[in-house]
Structure formats: structure tokens, C-alpha cells
Amino acid sequence: MEKAKIGIVTVSDRASAGIYEDLSGKAIMDTLKEYLVSQWEAVYEVIPDEREQIEATLKRMADEDGCSLIVTTGGTGPAKRDVTPEATEAVCDRMMPGFGELMRQVSLQYVPTAILSRQTAGLRADSLIVNLPGKPKSIRECLDAVFPAIPYCIDLMEGPYLECNEAVIKPFRPKK
């Protein structure tokens, strides 16, 4: 069975400057370790809120590193330096707006400021790119909401089979 490569990108000026521990990237890795029982390898990077660098990182992870899934955290708010959604849209061939819609809907159950979030998702060649918020608690809430569709999306893109721990998360795959 093909080992999946999953890109994890933390977008933060503070994290890239080494000012604090990257709790958001760790939250993504910890969650994926709980979700997945199939073998996978993390391609992890912390980068500043610079659109060109975000675009270059996403392109490299998709085109050269062969990541079937790339998950970003940070840079999805309304601040002037929050440019992760724009970078994602710039590198994607097709957008998957349902991911952002569902994440905002779920987040609104917890905080009224979820309407300020601009998470999105899209496809670049053989990669699904999903933008997550920057707070670890919100990351888990959003991943719990959208991850059930991710393995099937990767299947449709002819990527590696992501087998999940169904006691933790139940992926949706249509019955054949």
C-alpha cells in the first residue's frame, strides 16, 4: 500500500521567528495520528505570513514532495497579513468551497466571530489543500467536521488510500 504524504504548513510570523512553540501544527499532527491507521508521512513546515512564500510552499509540497493532502493553519482571518486563502486560491486548479462553508458553520456553534474566518480548500493536480484556523481547539473542531470527506476526495483523485480509525472518525465512502 502506498504511504501517504501529508503536508502540514503553519503560517505565522511569530512561529517562524521561533518566538513560541507551534501548537497549531502539533494539533494537526496529533489529530491526524488519531484519525489515521494507514501509514503516512508528515511534510512539515513553519513559514511567515508572506503570500509568495505560502504559494511556493504549497506548490512544492504538491508538485515535488507528492503530498496528496496539504493542511495549513493560520492566516485565515481578516488581518492585513492574513493571506493564506489568497495564496491557496492562486495555486489551485479548482476550488472546493464546501470545506470552508462547513468549517464556518461548525465554528459558529462555538464562537460568533467564526464569520470572520476565510478558510477555503482547493485542488492542485493530485493534492487537496485545506486551510484551517490557527487555534488548536478550532483546528480539531474543523477537522472533525470536514475529515470524513477527505479520504474519499483523495480516492477520487487516485491518491493513496487513507484508512481511518473508525472509533475516532468515520470516513464516508459510498458503497459499491
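# Terms and values in this model

Author: Strands β5 and β6 form a hairpin with two residues between them, and Ala125 in the turn has a positive phi of about 50°. The model is a predicted one: local features need pLDDT of at least 70 and side-chain atom pairs count only at pLDDT 80 or more, while totals for chains, interfaces and linings use all residues. Residues are numbered from 1 along each chain as its sequence is written, and side-chain values use heavy atoms, with hydrogens and water left out.

Reader: How do you know that β5 and β6 pair, and in which sense do they run?

Author: Two strands pair if DSSP finds at least two bridges between them. Four bridges join β5 to β6, and the two run antiparallel. The strands themselves are DSSP runs of E with at least two residues, helices are runs of H or I with at least four, and numbering starts from the N terminus. β5 covers residues 121-124, and β6 covers 127-132.

Reader: Is Ala125 buried or exposed, or something in between?

Author: Buried means under 20% relative accessible area, exposed means over 50%, and partly exposed lies in between (1.4 Å probe, protein chains only). Ala125 has 48% relative accessibility, so the term is partly exposed. Glu158, in the segment after α7, also has a positive phi without being a glycine, near 60°. At 71%, Glu158 counts as exposed.

Reader: Which way do the residues of β5 point?

Author: Ala121 and Leu123 point one way, Gly122 and Arg124 the other, and all are buried. In a regular strand the side chains alternate between the two faces of the sheet.

Reader: What makes β2 and β4 the edges of the sheet?

Author: The sheet is open, has six strands in the order β2-β1-β3-β6-β5-β4, and shows mixed pairing. β2 (40-47) and β4 each have a single partner strand, so one side of each has no neighbour in the sheet. Helix α4 packs on this sheet, touching β1, β3, β4, β5 and β6, and its direction makes about 170° with that of β6. Such angles run from 0 to 180 degrees between N-to-C directions, with axes fitted to C-alpha atoms, for helices over the stretch in contact. As for β4 (residues 94-95), two antiparallel bridges pair this strand with β5.

Reader: Why are the buried residues of α4 said to line one face?

Author: In α4 (residues 84-91), Thr84, Pro85, Ala87, Thr88 and Val91 are buried. Seen down the axis, they fall within an arc of 160°, so they line one face of the helix. The arc is that of the directions from the helix axis to the C-beta atoms. They pack against β1 (4-11), α3 (51-63), β3 (69-73), β5 and β6. From α3, Glu55 touches Ala87, Ala90 and Val91, leaving out residues up to four places away in sequence; contact means heavy atoms within 4.5 Å. Glu55 has a relative accessible area of 16%, so this residue counts as buried.

Reader: What makes a group of residues a nonpolar core?

Author: A core is a set of buried Ala, Val, Leu, Ile, Met, Phe, Trp, Tyr and Cys residues joined through side-chain atoms within 4.5 Å. The largest has 31 residues, and those with the most contacts inside it are Leu69, Leu128, Val130, Leu132, Phe147 and Ile150. Its largest share, five residues, comes from α2. Another core, of 15 residues, lies apart from it, with Val9, Val43, Ala62 and Val83 among them.

Reader: How many aromatic pairs are there, and what makes a pair tilted or edge-to-face?

Author: There are two aromatic pairs. Tyr35 and Phe147 are 4.7 Å apart, centre to centre, with 45° between the planes, and this pair is tilted. The pair joins helix α2 to the loop between α6 and α7, across 112 residues. For Tyr152 and Phe172 the centres are 6.5 Å apart and the planes stand at 90°, so this pair is edge-to-face. Rings of Phe, Tyr and Trp (its six-membered ring) pair if their centres lie within 6.5 Å; planes under 30 degrees apart are stacked, over 60 edge-to-face, and the rest tilted.

Reader: Are Tyr152 and Phe172 buried or exposed?

Author: Tyr152 has a relative accessible area of 29% and is partly exposed, while Phe172, at 52%, counts as exposed. Tyr35 and Phe147 are both buried.
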